[in-house]
Amino acid sequence: MELKLKGRILPNDRRSILKKLLINKGFVRILETHNGLSAIIANNIKENVRDEILEFDGFWFSSFTDSASKGYPDIEIIGVESRYETIRQVLNSSNKPIIIDGDTGGEAAKFEYFIRSLEDMGVSMVIIEDKKFPKRNSLESGTIQDQEDPDVFATKIKRGKEVQISNDFMLIARIESLISGAGLKDAIYRAKKYLLAGADGIMIHSKNINPKEIFDFANEYEKLSKELGDRKPLVCVPTTYNTITEDELKDHGFNIVIYANHLLRAAHKAMKETASIILRNKRAFEAEAMCSPVKTVFKDVGFLDVKEKDMKYIKGTIKVIIPAAGADPEFEIPKAMTILKGKPVLQRQIETLKNCGISEIIVIRGFKKEEFNVDGVKYINNEEYDKYYILHSLFKAEEEMEGGFIFIYSDILFNEKIIKNLLISKGDIILVLDNSYTYHKHKIDKNLELILTKNKPSEQTRDLYQVENEIIRIGRTINMDMADYEFTGIAYFSEYGVEIIRRIYNECNLNHKGNFHEADSFNKASFIDLIQEVIDRGFRVDILEVHKGWFEIHTRKDVDVAEKLI
Ligand code: SPV
Ligand code: MG
């Protein structure tokens, strides 16, 4: 449910959405927000109701809840700069349209500046109420609800509309006649004046628990619109008449419903209850049930994203896991310890990784584990290396996967550029694939791990490139003429990527029977069998395309070739 940084929106694009929604849908659903966190929640929440995905179309920046969250009564006490600052929080944390509660708009000249700033920020609509400055909130009985002279208010509207630059910003006139007791006739009289002054629509407010008076207004509004030859949006705020449904409001001609204070009131109630529970118990344990888990808050505000990016971009924080437990009949010692020009393969791998800033390297050893004498890595022993294959060996290091890791076969050499590019590539699971395969496939006599991708590789041979493509099949039995790429034995898993493979691995370990992709059983599964399972379950596996820059020690012959290459 997070809104990633790149999912945000530029001011001009955001501002124009509301008008388009009103034209296209005719009815929009708006929720109150009062800070960044409430905006994130309002922005991202979705509900599937009988196969219809419901969400909020935009947000109301309420004077009541902005004041309350800052500890003030709603009497136009908050300075304009403080309001801008909080509006910015809402803008920063969302990508949907925003409607600002402009209170009375203040003095006309000041209102002109207010309009200009809101429009620049990407706000879509401001609603000002026809009360005298400084107004009192409309919902409390017994407060003074002095309405402004309608001509003075109409002039303020006119002046506001005159300084607007874009076509898509809207100014709505809010009529308080049903709040002040002036009644329906006064409300309609004012509506006509305000529309003629240039208002882009009308909000009719009421604190009655019965919607009858706003329905009566809506009827009269239709007649007025016919008389003026223009039907502009009609807005309501059903805080007190809250049994009314959106369908009923639509039927009565309303175009915008604003749920004006619910997130702040919900937080207020939860905060009070939580504080009481802690006091009563003299500890926090009992309060946990009232609270979101810390991790959920971290996730919603993007902290887990930051963590993941830090892992990818800050040198040395990502771990590398190298499964090296298996035996190969052609080699007397583990392939990772094969000496190439005086240094074991593993030593060469470690040096390349260290040059990329990676220092946490985990090696899983099994066959002839005493041969592993290279320092600077953490060893994990797999005593069952002859019973199971590489996938199970890898999962001996399951705890080390936490937070994401790079997977590397123990018998390959690779250059720094591959690893550095992998660290900045996008995706939760990324396999490094060689695109030179299609050119030299006729010369290959080995059983390679081949790949079919969604899109065919480009004709151009690129050195190192993350292309927009995903794997659809991986295996050794793929027809060589059809394959698009060869797997290099290097892969990346983000924190989420790890979550995916851990879930699948542990579930298959418990339940899987019979063949597992190209393996006779899950026990004999290889790494690529797991990747095929990931794909079959609908998860995306991205690719990083490389053109050479790596070498696999497949057979004894390869040792000589590798020595020449070094
Ligand atoms: C607000 O949310 O600040 C409003 C609506 O203006 S009301 O509180 O009902 O007046
Ligand atoms: Mg208000």
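A residue is taken to be near a molecule if one of its heavy atoms lies within 4 Å of it. In this predicted model, the residues around ligand 1 by that criterion are Trp60, Ser62, Ser63, Phe64, Asp74, Asp101, Asn137, Ser138, Leu139, Arg174, His205 and Ala260. Polar side-chain atoms of several of these residues approach the ligand. The side chain of Ser62 places an N or O atom 2.8 Å from an oxygen atom of ligand 1. For Ser63, the corresponding distance from a side-chain N or O atom to a ligand oxygen is 3.0 Å. Asp101 also takes part: a polar atom of its side chain lies 2.8 Å from an oxygen atom of ligand 1.

Two helix pairs were examined. Two packed helices are described by the angle between their axes and the distance between the axes. Helix 6 spans residues 150-163 and helix 8 spans residues 183-196. Their axes are 9 Å apart and meet at an angle of about 30°. Angles under 35 degrees count as roughly parallel, so helix 6 is roughly parallel to helix 8. The crossing of these two helices is right-handed. Helix 6 contributes Pro150, Asp151, Phe153, Ala154 and Ile157 to the contact. Helix 8 contributes Tyr189, Arg190, Lys193 and Tyr194. Of the residues in this contact, six are nonpolar and three are charged, with no polar residue.

The second pair consists of helix 18 (residues 495-511) and helix 19 (residues 527-536). Here the packing angle is about 105°, and the axes are 10 Å apart. An angle of 65 to 115 degrees counts as roughly perpendicular; helix 18 and helix 19 are therefore roughly perpendicular to each other. On the helix 18 side, the contact involves Ile500, Ile501, Ile504, Tyr505 and Cys508. These residues meet Leu530, Glu533 and Val534 in helix 19. Seven residues of the contact are nonpolar and one is charged; none is polar.

Most residues other than glycine have a negative phi, and most peptide bonds are trans. Phe133 and Pro134 are joined by a cis peptide bond, with omega about -5°. Pro134 is located in the loop between strand 6 (125-129) and helix 6. Lys341, although not a glycine, has a positive phi of about 45°. Lys341 lies in the loop that separates strand 12 (339-340) from strand 13 (343-344).

Technical notes. Residues are numbered from 1 along each chain as its sequence is written. Chains are lettered from A and ligands numbered from 1 in the order in which they are written. This is a predicted model: local features need pLDDT of at least 70, side-chain atom pairs count only at pLDDT 80 or more; totals for chains, interfaces and linings use all residues. Side-chain values use heavy atoms; hydrogens and water are left out. Axes are lines fitted to C-alpha atoms, for helices over the stretch in contact, and angles run from 0 to 180 degrees between N-to-C directions. Helices (H or I, at least four residues) and strands (E, at least two) are DSSP runs, numbered from the N terminus. Angles under 35 degrees count as roughly parallel, over 145 as roughly antiparallel, 65 to 115 as roughly perpendicular and the rest as oblique. A crossing is left-handed if the near helix is turned anticlockwise from the far one by less than a right angle, and right-handed if clockwise. Contact means heavy atoms within 4.5 Å. Ala, Val, Leu, Ile, Met, Phe, Trp, Tyr, Cys and Pro count as nonpolar, Asp, Glu, Lys and Arg as charged, and the others, Gly among them, as polar. A polar contact is a pair of N or O atoms within 3.5 Å; within protein, one must be able to donate a hydrogen and the other to accept it, and residues adjacent in sequence count only if both atoms are side-chain atoms.
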